[in-house]
Each structure stands twice: as C-alpha cells, then as structure tokens.
There are 2 protein chains.
Amino acid sequence: MTINFTTIQWVGGINGHVEMIDQTLLPNEARMIAVRDEQAMWQAIKTLQVRGAPAIGVAAAYGVVLGLQTIPDQAPTEEALAQLDRVREYLATSRPTAVNLFWALNRMAGTARDTHASDAGQLKSRLLTEANTIRDEDAAMCRAIGRYGWQLIPENAGVLTHCNAGGLATAEYGTALALMYTAKEQGRSFHVFADETRPLLQGARLTAWELAQAGIDVTLICDNMAGLLMRQGKIHLVVTGADRIAANGDAANKIGTYSVAVLAHAHNIPFYIAAPTSTFDLATPSGDQIPIEERHPDEITKPFGASIAPAGIGVFNPAFDVTPHHRITAIITEKGIIQNPDEIRIRDFFKTNN
Amino acid sequence: MTINFTTIQWVGGINGHVEMIDQTLLPNEARMIAVRDEQAMWQAIKTLQVRGAPAIGVAAAYGVVLGLQTIPDQAPTEEALAQLDRVREYLATSRPTAVNLFWALNRMAGTARDTHASDAGQLKSRLLTEANTIRDEDAAMCRAIGRYGWQLIPENAGVLTHCNAGGLATAEYGTALALMYTAKEQGRSFHVFADETRPLLQGARLTAWELAQAGIDVTLICDNMAGLLMRQGKIHLVVTGADRIAANGDAANKIGTYSVAVLAHAHNIPFYIAAPTSTFDLATPSGDQIPIEERHPDEITKPFGASIAPAGIGVFNPAFDVTPHHRITAIITEKGIIQNPDEIRIRDFFKTNN
C-alpha cells in the first residue's frame, strides 16, 4: 500500500468506538482521536475533523452504530429502530450538502429494516457489520478508481488537483489521488501541483501532506497560480473529486473547482473528475438544482486567528461551486470511465453497470 | 476627496523626512511611519510597507532626496551627483521588477544633470521639488484615470478587482480604484468584489480597507470564487492595475490577474487595466520578455506565523503573471483609453499623446 495513515476505523466490538485522524490538526500533527457517541460524530463531521464525501459516508454509518450503543442489547428491536430514526435525522443535519452522508444513512436504515432482528443486540451487531462493509467497499472502490484512471496520467506529466480528494477524504486511496497512488505503484513518473484551496486550505494541509507522505513529488501553489502554470505548459491534466454529481454530469465540488475547469478548457487541458458512483444524485437533473452552502465569513477573514480583513467587511463564502458537464472531459468511477459526460451517457452507464 | 488617508508624503524642508502608512500593518492598524534615510526606504520598498507601482516611484524619488541628506549643502555638486548615482543603484535593487522604480530614479537623475547646480544644497533643493512634483503629478494622473474610466462602470454594476491598485498603491486615488472613487463622486451605484489575493492578501488587507473607508460597498472573496460569481452573473466588469505593460499591451500584474482575465473572457465580461503611461515599457516588445519574480515559499506556507503546509514541501511562488493583450478589453491611462490594445494601437496612442 502506498499510503501509511488511517483516515477512519472502528476499534473493538459492538461497544467499541471510532478512531480517526483529526484533519483539522494536519499537517502539523497527525493525531488520532476517539469518537464515542453520535454527538461527537456530528461535531467531527460539522467541524471537518473528518471530511471528503466517502469518508463522511463511512463516518455517518459508524455514527449510527455509536448512536445505538445506549440501547440495551435485550431491548425490543422497535426501540432500537426508533432510536435509529432519531440518530439518522440528527446526523443528516451535520453537513446537508454531502450526498454520501444521506446515502450511508439510508443504507444503514435499509439494512436495519431488512434484518428482522429479534432484539436490539442483534440489530446493533448487524449494523456494525454493515458499517464495516461500507468502509471496506469504499477502500475497494478507491482502488478500482485508481485502476481505471491511472493511465490518464502520462509519463512525466504535470497533474493539477484542487482541495483534497485523497486518502484522507475516503477510507483509503481516495478518488482523484487514487489515480496518483496507483500510477506511482505502476512505476510512472509525474509531478503534482496542489492548489492550496482557500479558505480552509485542504490542498496545503491535506493533499500536500498525504502526497509527500507517499513519496510523490508535489508542489504547493496558491489557487490563483494555476492559470500561469497552465500557460507555461507545466500542467497536462487536472483531476479533482466531487461532492455531488447531477444526472446530466454537472458536478458540485469544493469552491474553485469551476474556475480550474474553465482555465483548463481555455488551455486545452483535460479536466477529470474522479468519484464513486455513490456521488451521483440521479434525482437531481442538473447542477442548477444543487444548493450552494455558504459558510461563516470568519473562515476567510480570520484564518489561524489572525485578522486579515477590516472588521465587519462584507464577505461571500460559498463552500462549493458547480462545474457544468461540458467542461468535464471524463468522470472516473469505480465501475469505469464516463467520457464527455452528459445525461444520456450517464444514464447508459448506470444501465450497463448496475 | 473620497479617500481620507495619506499613503506617502514629505514632511518638512530639505532635511525633512518621509511619512507613509505602513501597509504591512493594515487593516488592523493604520500606523504612519517615518522614513529617514535611504536604507529605511530600501527596506520599506522591499518589505512592501510601501507597494504599488506609482507609490514605489514616489518612494524612490523621496529615497534619493533622503540619500543626499548626508552631503553638506556647501559640498561641490559633483560630490552630490556621485552620491546620487550610488543611491540610485542601491534603491534599484529593492524591487527589481517595478518599472516605476527605475522610471522615478532615472527622472531624478535627469533632473540632477539638467540642474547645473552651483553646490550640493541647490541640487538637493531642486531634487526635493522634483520628488514632490512626481508625487503631485501622480495624484493628478490618478484623477485623470478616474475621469476617463469611471463611465465604464454601469449603474448597479458588479465590479471585480484583484490585488490593490488603489490609493494605497499611489499618491492618492489609485488606478483601478480611481474609477470607483470617481464613479462614487458622480453618484453612481455599484458593488465591488475584492479578490483577497493570495499569498500576501493585498485585496483583503488593503483594497477592502480603503473601499470601506470611502463608503463604497465591497464584498471580500477568495481568489477561487471569482469564477462562480461570473457564472452567477454578478460581475459585469473586471478592472485591475498593472506593474509593467509591454509594447504590445501584454501586462504584468499581481499573480492571479491572468486567471481572472481568462475567466472574464470565458464569461464575456470586459477586462480592463487601469495604469498610468509610466507603466508602459515600450522597450520590451512583449510579455515573453518580462521576467517573473519568484518570492519566498514562506509567504505561502507560513502566513501570519501559522504553518499551513507540511515542513519542507515544494512551493512555487511567482509574484506576477502576464496577461496577453488579446485578453485585455482596454487600458485606461491618464491620457485616455486604449481599446483592444496591441502594438500598433499603443504606438499610435503614444504618438498622439506625447
């Protein structure tokens, strides 16, 4: 394995807990924290101690298990199911734009319904197994994305990525970074440029950290430098993750992704999105229906406690933007690559790969 | 006057000193500092206590005056001229890419040569007058840029600017911001979006500060948010300054300007540059001959002392980029507007306005 850290895992049996790397402390400290109840998990998701669509899904699934630990094993199944509904609704409010959050919560609920457990203990045990399965499937999914996508990185290529769609965003290899980890395993030489990704600097703090850990050449840049590098011919492809992809291929991802896609298009550079099929929200026709979450102005004006802007200044702090599908060269999933994604190609892809 | 701060001024007679606002302390503190010798002026230019092409020109001119204060008034003119050459060469190393620095130093040298002073005292007096004239001309130049350009801001427009081409960059109204100050004087309503401008955050610290001081509606954004705002139809024009404009209209300006210009083009939004004619370097045929200064990695990895990236990570930190002339809708100067700038139109413009 190319990476050597653990993003999130379950420790112990049904009364165990979650261990995760606290991503708000990176890159200065790689501290593992214990998460022992659903309130702590809500907080961890909300404050970005765990972030990235697939990792949030895993975290939410484990959060459901944590939320049922207060129900005695011998309690009736109905009591556990009622508690599960409360926990689901609660965890759903932690990060309302993360489609994987809802996907994982719904999957856990479906499993609970289908189990016909004789008591709460049996149900809890089944749900822990399911959460572990979600984690393992995610790890396998990332490997598959890497296998499908790594050859898109030509020998000696310069690769630009934005935000963190890496191992830290998932159970293991990540999505966008899975291409890089796999390419490295395959002996390919390449160089990565990592956008620092204001305001929360996931590129500087997380992507640069995990690529450097894996021994991959990486250069950190500010978001506004990508255009210059493209003009200088130093970038041969762009690959990012996505938080939510509409039925027509429009992709919501970290703020700034859209600008990178437009810049790539203007310089005839392919722009790829790497994301598991669970990121697709086929009930949403296009990006126009994806709400843009706005976050607190302090994220921009008070990074690291320092005040970098006049007190009380107006601030616009969208967390995401939407890249329209015609700016996306291809979407790399764990089931294959969707070239020139649009509504028809995506529908056909899901028909073929179900 | 719409603005109510003093970027740089001379205080006292020939043995006086320079007062300037320390721009590295903004926006949290508007502290005036005294600059009393050429070493302090070199340091002030180098560390960006004073920045912006025209303000650097004024600072350099005053720096020459400061550098001659150690020569007694009754010393022979030749002694003062020899000292002036040393001071010029020294100040020229403070910010090698700022063409206004050289322009001002050469102008001071020319004045010194043409004066035929009888002694050092007479020469020093003449040079202080010249430095004050450079300052006053700059203030008048900014007003003229504002008068020519303000009508490019339509009623209720959204205006995007990058970095700081404001009063803090000049003796008074600035270049890009002169359009806004003048538009406000003319009663026009509009809204400004200010790119924070990583790594040194001149947009957040300086532009947002001076626009808010002047009572102009301003919203701070991160550099990677401009594309989203353009797509949302909230930006109707972009205007920035320039540090150096080649004979064909290619314009070097703060890193990120090129990306903004490409994004504006992709959204059919006019992209203007506001700059005095002294910013033109007609001896440089195109932007390809403009060297890109690279600055220290710590500017990116250690903002405000905080460490935001893994120790020892590779960093690319170009201070400038070059926007090719075909991405520039017009250049607004103190002598008029150059539409669709190219080599021929610029040559004609300078022929007509000399």
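Residues are numbered from 1 along each chain, and chains are lettered from A in the order in which they are written. In this predicted model, local features need pLDDT of at least 70 and side-chain atom pairs count only at pLDDT 80 or more, while totals for chains use all residues, and side-chain values use heavy atoms, without hydrogens or water.

**Exercise 1. The overall form of chain A**

Task: State how many helices and strands chain A has, and decide how its radius of gyration compares with the globule rule.

Solution: 
- Step 1. Helices (H or I, at least four residues) and strands (E, at least two) are DSSP runs, numbered from the N terminus. Chain A has 11 helices and 15 strands.
- Step 2. The radius of gyration is taken over C-alpha atoms, and the globule rule is 2.2 Å times the number of residues to the power 0.38. For 354 residues the rule gives 20 Å, and the radius of gyration of chain A is 20 Å, so chain A is as compact as a globular protein of that length.
- Step 3. The C-alpha trace of chain A spans about 65 × 55 × 40 Å along its principal axes.
- Step 4. Buried means under 20% relative accessible area, exposed over 50%, and partly exposed in between (1.4 Å probe, protein chains only). In chain A, 65% of the 354 residues count as buried.
- Step 5. A contact means heavy atoms within 4.5 Å. Among contacts in chain A between residues at least 6 apart in sequence, 74% join residues at least 24 apart.

**Exercise 2. Salt bridges**

Task: Find which residue pairs with E130(A) in a salt bridge, and where the two partners lie.

Solution: 
- Step 1. Side chains of opposite charge can pair when their charged atoms come close. A salt bridge is a side-chain nitrogen of Lys or Arg within 4 Å of a carboxyl oxygen of Asp or Glu.
- Step 2. The partner of E130(A) is R107(A), with the closest N and O atoms 2.7 Å apart. E130(A) is in helix α5 (residues 120-149) of chain A and R107(A) in helix α4 (residues 99-115) of chain A, 23 residues apart, and the pair links distant parts of the chain.
- Step 3. E130(A) has a relative accessible area of 8%, so E130(A) is buried.
- Step 4. The salt bridges also form a network that links R107(A), R126(A), E130(A) and E137(A).
- Step 5. In chain B, E137(B) forms a salt bridge with R107(B), the closest N and O atoms being 2.7 Å apart. E137(B) lies in helix α5 (residues 120-149) of chain B and R107(B) in helix α4 (residues 99-115) of chain B, so this pair ties together parts that are 30 residues apart in sequence. E137(B) is partly exposed, at 36% relative accessible area.

**Exercise 3. Buried parts of chain B**

Task: Decide whether G146(B) counts as buried or exposed, and why helix α9 of chain B is described as largely enclosed.

Solution: 
- Step 1. G146(B) is found in helix α5 of chain B. Its relative accessibility is 0%, so G146(B) counts as buried.
- Step 2. Leaving aside neighbours within four places in sequence, G146(B) is in contact with A178(B), L179(B) and T182(B).
- Step 3. In helix α9 (residues 257-266) of chain B, 8 of the 10 residues are buried, so the helix is largely enclosed by the rest of the structure. Among the buried residues of α9(B) are T257(B), Y258(B) and L263(B).
- Step 4. Just after α9(B), N268(B) takes a positive phi of about 55 degrees.
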